[in-house]
Amino acid sequence: MRNILTCAAFALALGSGPAFAQSGEITIWSWNVAASSLKATVAGFNKQFPDVKVTVEDLGNQQTFDKTLAGCAAGGAGLPDILSIENHESEIFWSQFPDCFVDLKTLGYTDEIAAKFPDFKRTELEVGGKAYAMPWDSGPVAMFYRRDFYEKAGVDPATIKSWDDFIAAGKKVMEANPGVTMTQADMNGDTEFFRMIANEQGCGYYSKDAQAITVNQPGCVTALEKVKALKDAGQLIPGTWDEKIQANTAGTVATQMYGGWYEGTIRSTSPDLAGKWGVYLMPSASADGPRAANLGGSSLAITSASQHKEAAWAYLNYTLGTNDGQVTMLKEFGLVPSLLTALDDPYVSQEQPFWGGQKVWVDILSTLPKVVPSRGTPFFSDADEIMVAVQLKYLNGGYPDAKSALDDAASQIASATSLPIAE
Amino acid sequence: MRLRTQTAYAFLTPYLLVFLAFWIWPIANSFWLSFLNTRSANWTFNPRVTWGRLLVDPAFANALWNTLIILVIQVPIMIALATVLATLLNSSMLKARGLFRFAFFAPVVVGEVAYAAVFRLMFNHEFGIINKMLAVASVPAIPWLSSPNAAMAVIIIAVTWRWAGYNAIIILAGLQSIPEDVYEAATLDGVSKTRQFFFITLPLLRPVIVLCVVISVIGTMQLFSEPFLITNRGGPGQATETLGLFLYRQAFGAFNFGYASAIAYTIAALAIVISLINLWLGRERE
């Protein structure tokens, strides 16, 4: 430590900073818990880099997106050093404003460091030979369930392996617990269930090379069929983000399917229900099918407008590239690390008191390496808006079957994006 | 150019420069943009993906349909309501006239975000006062914000609440410009009050009502805040997505500036056409 300080002082005396002794002020734009978790890592970072002052500005999710758009359109004016960008909508920035961001490879983001992250997190960030951002958190999907409701119905979650098992279990749970619904999804304004199950079945809106539309492929057809089966069984009712939280606290829902980051939400919004919640893996299309998917997750990028790119890189490398940084965010705010070595951290294998002593992070994080990449592409929002409408129409009986619904979605996406539909 | 004219233009220059930079240039530039494929950094000339797409895009057709539904249902209801309100506000029997006039005008003064939040609460499925009142009348709870037709009704109710009073004040000004002696003559001839309203008041109000209709048509064509804030970005699904919202989504969600420009020009053209039809229908006839 003393050595580093001496070097830092030496470097300051010379008036220019070599890579190991950064100084200056860096600013980060982020939102909500994500912003708070970045703040939580600053203390650890400053132990290594005491001369870098980090300011995290919590703008809110939509504001960050809008101001990034405005700043990049204005050639980088007013942008901070580091930007938070959600993975699925990140490629729209790289494709529209490639010069707004620094290629992290020029700052020291080597292939060895990049290899410490799973492929599904890197697929959108490394485009055309450049690395525009570094993976931050991820959302390995899990089933968050009420132990007491399941127990009362005599259902052991370990036996739920397929969606058919889930529906059979749901029937028992709802019979044993009057007034309780098996699960909820925002079917009126989102496609979350469809995207999670499709990802699990290896299907997404677009092909991995982002050159073709794949939304009508078999995996997606299965996913949409499962959503309708759940709804038709009366076990899936509409619920927005807020309504789900209301149902959690009111005890009117037995299961929520979401990315792993929902752990922190349940823990902080339903503190009175400690010990009553548990976690199990998402069911698959068949009893031996894949059970890993991802929903959500973000990355951090450095702007070309930054005056302290080296210092910004040092912060990224510490916060995202070390167990120290990633596990701090997991502990404090439930942000799920995408750094694979974080799986080996002692905290991950601890029993979690809120979750009835279950080692939830072992269960959730063990699915990370199995997640199939599903690329957002620059056309994510085109596809998703179309899919919201098609899904709603299909659920209300507007199509003869899931395949024809998705064929319609594919042709609409084709007309919006000019991309071909994959064979 | 005469010296006086030159001096006038010299004084106008600062304004004209601002007008040029922030009005004329964007309007002209977005017209050019509407012919470009703006899907990635190198924009190329390709009107097929902007103007061509408008013709076949079901999402655009949906937004246009929603906007026209609001236009056809909401504008007539609101103008009729505003006319009745104006007549009542003009009544000589009304006490505390100033207070009432302010009260009906007040919704326009309330911030959009604040009133949208209140409407969301009022129409909440489980806890909203509207469904509580329906329950008292033994009507089952209506899922206002998650059923497509009910959500559309909420938008229409909200817009009507906000703008009916504003239009009433404009119509009130029109009422007060009708000379008193016309009514005196009619009363002397034994014409009933109701017949006076239909055969004197309404015909003389026509220019004012046409003005209100034109303003409302333009406002509805641009409708954005209510579906954005109250029905959560045009939900459920895209059941309340208006042209304004669709334009926003294309421009600032998908970064498709070319297509968004084409939509913007289409909205402007439609507003002009519908307004001209209104003016033609409401013209002074011999």
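Mentor: The contact between the two chains takes 20 residues from chain A and 20 residues from chain B, residues being in contact if their C-beta atoms, placed from the backbone, lie within 7 Å. This is a predicted model, in which local features need pLDDT of at least 70 and side-chain atom pairs count only at pLDDT 80 or more, while totals for chains, interfaces and linings use all residues. Residues are numbered from 1 along each chain as its sequence is written, and chains are lettered from A and ligands numbered from 1 in the order in which they are written.

On the side of chain A that touches chain B, the elements giving two or more residues are helix 3 (61-73), helix 4 (91-96), helix 16 (380-395) and helix 17 (402-417) of chain A. Helices (H or I, at least four residues) and strands (E, at least two) are DSSP runs, numbered from the N terminus. Helix 16 of chain A gives the most to this side, with seven residues.

Helix 16 and helix 17 of chain A also lie among the elements against which the buried residues of helix 10 of chain A pack. Those buried residues include Val221(A), Leu224(A), Val227(A) and Leu230(A); buried requires 20 or more other C-beta atoms within 10 Å of a residue's own. Just after helix 10 of chain A, Gly234(A) takes a positive phi of about 75°.

Now turn to chain B, which has twelve helices and two strands. Its C-alpha atoms fill a box of roughly 75 × 75 × 35 Å, taken along the principal axes. Of the 286 residues in chain B, 31% are buried. Residues 24 or more positions apart account for 68% of the chain B contacts with a separation of 6 or more.

Helix 1 of chain B has 31 residues and the number buried is one, so this helix lies largely in the open. Helix 1 of chain B bends by about 50° at Thr13(B), with a proline, Pro14(B), following within four residues; the bend is the angle between axes fitted to the seven residues ending there and the seven starting there.

Finally, in the contact of helix 1 with helix 12 of chain B, Ser30(B), Phe31(B) and Leu33(B) of helix 1 of chain B meet Phe257(B), Gly258(B), Ser261(B), Ala264(B) and Tyr265(B) of helix 12 of chain B.

Definitions and conventions. A residue is buried if 20 or more other C-beta atoms lie within 10 Å of its own, exposed if 12 or fewer, and partly exposed in between; C-beta atoms are placed from the backbone.
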